[in-house]
Amino acid sequence: MTTVATTAPVRLGARLAENTWLRFAVRRTGRLVLSLWVLITASFLMIHLIPGDPVRTALGPTAPAALVQARRAALGLDDPLLTQYPHYLRGVFTGDLGVSMSSQLPVSGIISQRMPATLQLAVLAFLTAVAIAIPVGAAMGALTRGGRARRAELAFTSTSMVLGTIPEFLLGVALVYVFAVHLGWFPVAGRGAAGSYVLPVVSLAVAPAAALARILRVDMVAVLQADFVRTARAKRLPAAAVYLKHALPNALTASLTLCGLLLSTLVAGTVLVENVFAWPGLGSTIVQSILTKDYPVVQGIVLVYGIGVLIVNLLVDVALALLDPRSVIREG
Amino acid sequence: MATTSTLAALPAGRGRWRRDGTGNRWLAVLRTPVGAGAGLLLALVLVLAVLAPPLWGDRAAAPDTDHILEGPSAAHWVGTDNLGRDLFYRVLVATRLSVELALLATAIGVVVGLLLGTAPAVLGRRGGRFVAAVVNVAVAFPGLLLALFFAVIFGVGMTGAVLAIGLSGAPVFARLAQTLVATVAGRDFVAAARIAGAGRFRLLVRHILPNVGEPLVVNATIGAGGALLAFAGLSFLGLGVQTPRYDWGRLLGEGLAGIYIHPTAALAPGVAVVVAGLAFNLFGEAVAKGIGLVTSGPVAGAVAGPVIAGDRAPAPDGDVVLDVGELWVSFPGPAHPVRGVSFTVRRGEAVGVVGESGSGKSLTALAIARLIGEPGRVDAARLTFLGTDLRTGSERVHRTLLGTSLAMVFQDPMSSFNPTRRVGAQLAEPARVHQGLSRPAALARAVDRLRAVRVPAAGLRARQYPHEFSGGMRQRAMIGMGLMGAPALMIADEPTTALDVTVQQQVLRLLESIRAADDVALLFISHDVSVVAQMCDRLLVMYAGRIVEELPAAQLRTSARHPYTRALVAAVPDMRTDLDQPLAVIPGRPVDPAHLPAGCAFAARCPLASDRCRAEDPPLVADGPGRRVACWHAGEGS
């Protein structure tokens, strides 16, 4: 009996030490659970950290005391924190995120109705950014390898830096002026036919594309100096094979981490861009809800955005592990 | 991203004693074009922030009901808003509030970040770990989401927005401070202070913070640019500055509503935000880059460029695989790392090239294989491989010849294989390209070649990645890659240097057997005299980019005539070396190819050097059958 009890953990420990993949999975899951807990707790505490009575703040000083009291009771704010917290946790895991204070609709319903528009925007913008950045960054890397074409490098680096700094909502405004107001090619705002997607997607995609292309060029130049590229050249492969088969995949693994970072800032960027284009997604909803102090809706949407970011980070780590098996060892 | 680039720019080994140089280096940044432009822009923004409100505050606030929502005109350059106020002056005056709020938010971010980031150093292990874990979670979330979260807590308005943007920036600064403190805390002078009994807090304030100050300031500058843009975002959403006060974001939000009738109302504040944000960003980046920059010293010692003399060597006979005459390799600047090297390699012959690192032996090999890329330059009187002149013609013309007949083995088998592709596929590649084999046929040949270089379980190994191979096995696989074609010459550049001594002999024996079996000529490059003597028929001794002696390998130990060759031989201990004596070394250091002396490059380290040696470089002349030497005192003093 005792022997079984002692050998089991020992064997598990030994297997953990041996299997780098298993260790990677355990560590990564641990980090995900910790982040998720911090996120849910922060979103729970948000309403309690607001100074004064959040319901009174929301309803205004003229609201009758009875209404405020009723709302407080409905939100469960009168219960002790230790009762509210498990209740909130249960709600989160069963999909019950409370009811909107202004429309009385369930928050989960509002989110599921608004989410597709935001997801479309984010995914399309990410794909656009990657589709532009990879060929441009790789080509610039090949062109400027080993200190060649210094002028092209300077022009590219400064252009991509300026483009990478312009915030998406300002770019959106400029694009609206040029392509919607002036040229009339696309609608000014709203979500409708395919044309209405162009400006929001472009304004979201430009900054990440510029940043990614800039990093990819640097990585490509570094990889092109690696010994294995010299080996590939010593094999007298055609230049295209050297660049595309040997250099690019290695340069991409280095840029992949940045891709994740860009994707999560892109998720946040939708908030601003949706407000420029009156896009009926989560971003315009959360801003409206903050302005009208509809706290349950804000809590729910913050949670959704946060989980989105966590999922992106997880996907990036897994992709990195698959592309470059050595990163798993490094992680452990 | 800004954080990582600045971290990379952080020079290693910087201590307190170099703080005096800080001001100079920041000034030096202002002398670069990017730094000067960004600095000027930043100064303009700051001056405007100070002067605009007292100068034009009244004009910006004066309503003019006769000119409501008008477009640009001579009186109102950018137009007017819904109360007829002049938007040009409103944008200028808004500079103060926009910059002020951004700086305030950055200050909050830096202070809170510093507190969080240095907490591990002050709190001790357990408390520090907790703080670090929270920071790690927070840093993964985009700043705007954090700002929205805090905006809810602190309420909609200016104060709430400053706190929100400040706190949302804190995790990034905390992470930066953690990294910087961890780097500095490991340094010797901190360890010394710790041993001297300095407390944790004192250690932090007196020894650690002064050393992380500079990168922190640089990142705060970049961060201020980010805060400015973020604030514009919040104000634009209506969550920041509230009327009657106004910043650029507020003006932009108000302007967007009327973009159809009056686009400049939205565009002018937008341009202001981008310009100011860029000014902070660019200036920070320029300083970050400037701080890490090492200025190169003055270049001295000009050396004559490649003067390619006519054919001095006898015409080669038909058995010659490689014929090199007057080969020069140059890089921009005065450096000529290879200066007029001539030699031939015959079929099945093993020729060794030996010399210290920096003697030009590897560059000679790369130049022969046409693997020196721009900005390097290769000049030669003769460079003939299997009867083909390699000096002319494009890469494409020689691709098949070089791809099948010339094999290369590089020094580091770890880095010479592509880490993301399977070994078999990497071997199969040249066969597919040059011999037109199908994928399965090329793979089958790759497995066969792996077997030929004695890689066990070759079929299985071909499907593995390079990092799953041991060092010796990788090098054998590299040799196998060279055997995919039918090589006439194998250039092995330090093939055993990166390997274990026990594995070295295996690889050497493999090269030996390949040469014997297939009549492959071998150009073997090494700094190890004993290995070269064991492997080769004939040796070329290189020093400072020239061949200084050529001799049969068998005569190396007994009758070397150049003092440098003798010194190399003497530096290798053998079974008869007297172990009570210190090992022989060559005094001095190899010459820098950019600073060559006028006479013999070895003169400064040579026991036989005379005035003539220091004035005149000795030519490489015939010195008995199969021998050449470049020394005014060849054979003396033995």
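# A two-chain predicted model

In chain A, 71% of the contacts with a separation of 6 or more join residues 24 or more positions apart; two residues are in contact if their C-beta atoms, placed from the backbone, lie within 7 Å. This is a predicted model, where local features need pLDDT of at least 70, side-chain atom pairs count only at pLDDT 80 or more, and totals for chains, interfaces and linings use all residues. Residues are numbered from 1 along each chain as its sequence is written, while chains are lettered from A and ligands numbered from 1 in the order in which they are written.

**Chain A as a whole**

- Chain A holds 14 helices and zero strands; helices (H or I, at least four residues) and strands (E, at least two) are DSSP runs, numbered from the N terminus.
- The C-alpha trace of chain A spans about 85 × 80 × 30 Å along its principal axes.
- The radius of gyration of chain A is 25 Å, whereas a compact globule of 332 residues would have one near 20 Å. This radius is taken over C-alpha atoms, and the globule rule is 2.2 Å times the number of residues to the power 0.38.
- Of the 332 residues in chain A, 42% are buried. A residue is buried if 20 or more other C-beta atoms lie within 10 Å of its own, exposed if 12 or fewer, and partly exposed in between, with C-beta atoms placed from the backbone.

**A helix pair in chain A**

- Helix α6 (residues 107-143) and helix α9 (residues 195-224) of chain A cross at roughly 35°, and their axes come within 6 Å. Axes are lines fitted to C-alpha atoms, for helices over the stretch in contact, and angles run from 0 to 180 degrees between N-to-C directions.
- The crossing of α6(A) and α9(A) is right-handed; a crossing is left-handed if the near helix is turned anticlockwise from the far one by less than a right angle, and right-handed if clockwise.
- The contact of α6(A) with α9(A) has 24 nonpolar, three polar and one charged residues. Ala, Val, Leu, Ile, Met, Phe, Trp, Tyr, Cys and Pro count as nonpolar, Asp, Glu, Lys and Arg as charged, and the others, Gly among them, as polar.

**Where the chains meet**

- The contact between the chains takes 58 residues from chain A and 57 residues from chain B.
- On the side of chain B that touches chain A, α11(B) gives the most, with eight residues.
- By class, that side of chain B has 40 nonpolar, 13 polar and four charged residues.

**A helix pair in chain B**

- Helix α18 (residues 471-482) and helix α19 (residues 501-518) of chain B pack at an angle of about 15°, with their axes 9 Å apart.
- α18(B) and α19(B) are therefore roughly parallel to each other (angles under 35 degrees count as roughly parallel, over 145 as roughly antiparallel, 65 to 115 as roughly perpendicular and the rest as oblique).
- Their contact includes B:G471 and B:I479 of α18(B) and B:V503 and B:L511 of α19(B).

**Two loop residues with positive phi**

- Most residues other than glycine have a negative phi.
- B:L386 has a positive phi, near 50°, and is found in the loop between β5 (382-385) and β6 (388-389) of chain B. B:L386 counts as partly exposed because it has 16 C-beta neighbours inside 10 Å.
- B:A544 also has a positive phi, near 50°, and sits in the loop between β10 (538-543) and β11 (546-552) of chain B. With 25 other C-beta atoms within 10 Å, B:A544 is buried.
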